[in-house]
Amino acid sequence: MTVPEPSISNTPIPGDAQLSSLGGAPPFGSAVRLGNAGTLLQQIGTSAAAIAPAPFLTIVPSIGASEEFVTGGGYNGQNSNGHEFVTSINPALLINGATSRTNFTLDYAPNIQFYSNQSGYDGVNQSLNAAINATLLPQSLTVAARAYVTDQATSGGLPPGGTSIYNSNNTTLTQSYSVSPAFNDKFSLGTLNLLYSAQYTHQSGNAAFLPNATNPYFQTGDVFAQTEAGSFTTIPFFERFDDTPSVSATEDVGTGVLSGAHQYFVKDTLRYAPVQHVVLSASGGYEDIAYAGVPPTLIRDATWSIGARVVFPDGGLLVARYQHLDGFDAPYIRLSHALTARTTLAASYSETLSTQQQSIGLGVASSTVNSVGLPVGGLSGQPVLLANQSLSVQSGLSRNKQFSAALTTLYTHDTVSLSVQADQDTLVATAPGLAGFSQKSVSVSVSEAHQLSPRMNTIVYLNFGRTQSPALGASTTSTYGASAALTYRVTPTLYANAQYSITNQEYTGFGNQGVQNIFTIGIQKTF
C-alpha cells in the first residue's frame, strides 16, 4: 500500500491546501442576506458547480428594481410605528468562462438605495465575488486570483449573512484581493510544492466607539500580506510511510497590530497508512510569530500535531488533528461526508491567532467562486461564510474559536438546509490608540427552497442567534429573523419577486430596537 501524495489538484483551487494549513479555513454555511429577494434563491443549498466543457463564455447582465417598506423596530430612533420606504436599483453582471487551461467567474451586484424619509442614508451596498484559476504549465504551474467586496454592519448583531438595509454610519466596506501562483513537480525521490500568495485586505468606514469611550474599537485599516511556502514529500518508504519537510513565511505590511507583523513556520510531517483510505500523521516544528500592539505579541515556540486523514467510499473526506500552533493547543477538524444519497454534511472547527482582516484575507485566498457567484471552498466545494455579521468589526488581535456545520438535503423539487455557526473572539492585543473587547456569537439557520412549478419558486428562511458584544450594549443579545420569498419567471428573461422579512434587530440603527418588518416587491431583467 502506498501513501497518497498531497497535490494541489486534490483541492478545489490550486494552493488551497497550503493556504488553509496556515490558519483557520472559512466556515461552512448557507447564510442568507435578509431582505434581498432577488438573490435569495441562489444562496440556499448551492454547491460548487461543475465546470462546463471548455471553451465557453457566458455574459449575463441584468437590471432590477425593488421597493421595500420597513416598519417597526424603533426606526431611526422613533417609536415602534416608525416606517420608511427604500427604493433599490440593482444592476448586476455575471460572467462565466473557460478555456482549455482556465476557468473564471465574476459576479458583481451593487445595490443602489434611496430612502424616502432619511436621504442621508442613501448609498450603494457593494457585492463582488470573482475568481480565476489558470494552469500555466500542465500538472505543475497554476495561478489563482480572487476578489471579494461586501458591506458589513460595524456593530454586528445581525444574522451571519447580514441584511439588504444598512445605516451608512454603521457600515464597514470590506475588500479583499489575492493572487496565488503554485508550482509542483515530481522527482524520482518525491514531490516538490511551492506557493507564493499576495493578499490585500482593506476595511473602511466611520470609526466605531463603545458608549462613553474615547478610543474607537474600529477605524479604517488595511494589510498587505505576502506568503512564501514550500514542501517536499518523499516517495513512500517501507511501503506505508512518507515524510514532508515544509517551511512558510508571511510578512504583513499594515495598520495597527499588523504593522511589521510576521508569521514564520518550519515543520516536518511523518505519515503512515495502516489501511486503505486512512493516513495517520505526526509533525514537529518551530514557529516565530510577532504582532505590534498593546501588549506586543511575540511567540517563539515549538509546534507539534498528531492526526488522521480519512477518505470515505462516497468520496467524502475527514481531516482531524490535535496540534500546538500559534502558542496554544487546539483541535482542527474539516469534514465533508454524504450521509445518504440526498444528504451532505460539512463541518469544521479551528482555533487561530489572527485579526479579522487576516482571517478574511486568508479565507478569500483559499476559496473560489461557483457559477452563480457564491464563495465556495473546503473539501468538496461547499458554500463558505467569509464575513460573519453576527460579530462586531474590530481592529485588534484575537484568539478565534470557530465552529460551523451545514447539513443539506436535496429532493426533486426541494432543498432543505440546516446550518450552525459559532464564533468566540478572545482579545489578545489592541492597536495603539484603539480599544478592543472579547465577543462571541452562535447562530442556527434553517431554510427550505421549493419549486412550485417550472416558473415559480419559494423559499423560507429562519434564523436564531445569541451574541455577546459590548458594541451591542447588552451583555447578551438574542436575535431572530425569518423571511418568506416568492420568485416568478414572467418570461425567460424577466423575473418578479415578493418577500416578507421580520427580525428583532433594527438594521439601520445600533443594537436591538424591537421587532422590524420588511415588505419587498421587485423585478429583475436579464439580457
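**Gln357 and its setting**

Colleague: Where does Gln357 sit?
Modeller: Gln357 lies in helix H3, residues 356–365. Helices (H or I, at least four residues) and strands (E, at least two) are DSSP runs, numbered from the N terminus. This is a predicted model, where local features need pLDDT of at least 70, side-chain atom pairs count only at pLDDT 80 or more, and totals for chains, interfaces and linings use all residues. Residues are numbered from 1 along each chain as its sequence is written, and side-chain values use heavy atoms, with hydrogens and water left out.

Colleague: Is Gln357 buried or exposed?
Modeller: Gln357 is buried, at 8% relative accessible area. Buried means under 20%, exposed over 50%, partly exposed in between (1.4 Å probe, protein chains only).

Colleague: Which residues is Gln357 in contact with?
Modeller: Beyond neighbours within four places in sequence, they are Thr201, Gln203, Gly221, Asp222, Val223 and Leu258. Contact means heavy atoms within 4.5 Å.

Colleague: Now the whole protein. How many helices and strands?
Modeller: Three helices and 27 strands. Of the 527 residues, 51% are buried.

Colleague: What about confidence?
Modeller: Mean pLDDT is 85, and 84% of residues reach 70 or more. pLDDT is the predictor's confidence in each residue, from 0 to 100.

Colleague: Where is confidence lowest, and where highest?
Modeller: Lowest in helix H2 (residues 37–40), mean 44; highest in strand S13 (residues 278–291), at 97. Residues 37–52 have pLDDT below 50, yet the model gives this stretch 46 contacts beyond near neighbours in sequence. Where pLDDT is low, the predicted coordinates should not be read in detail.
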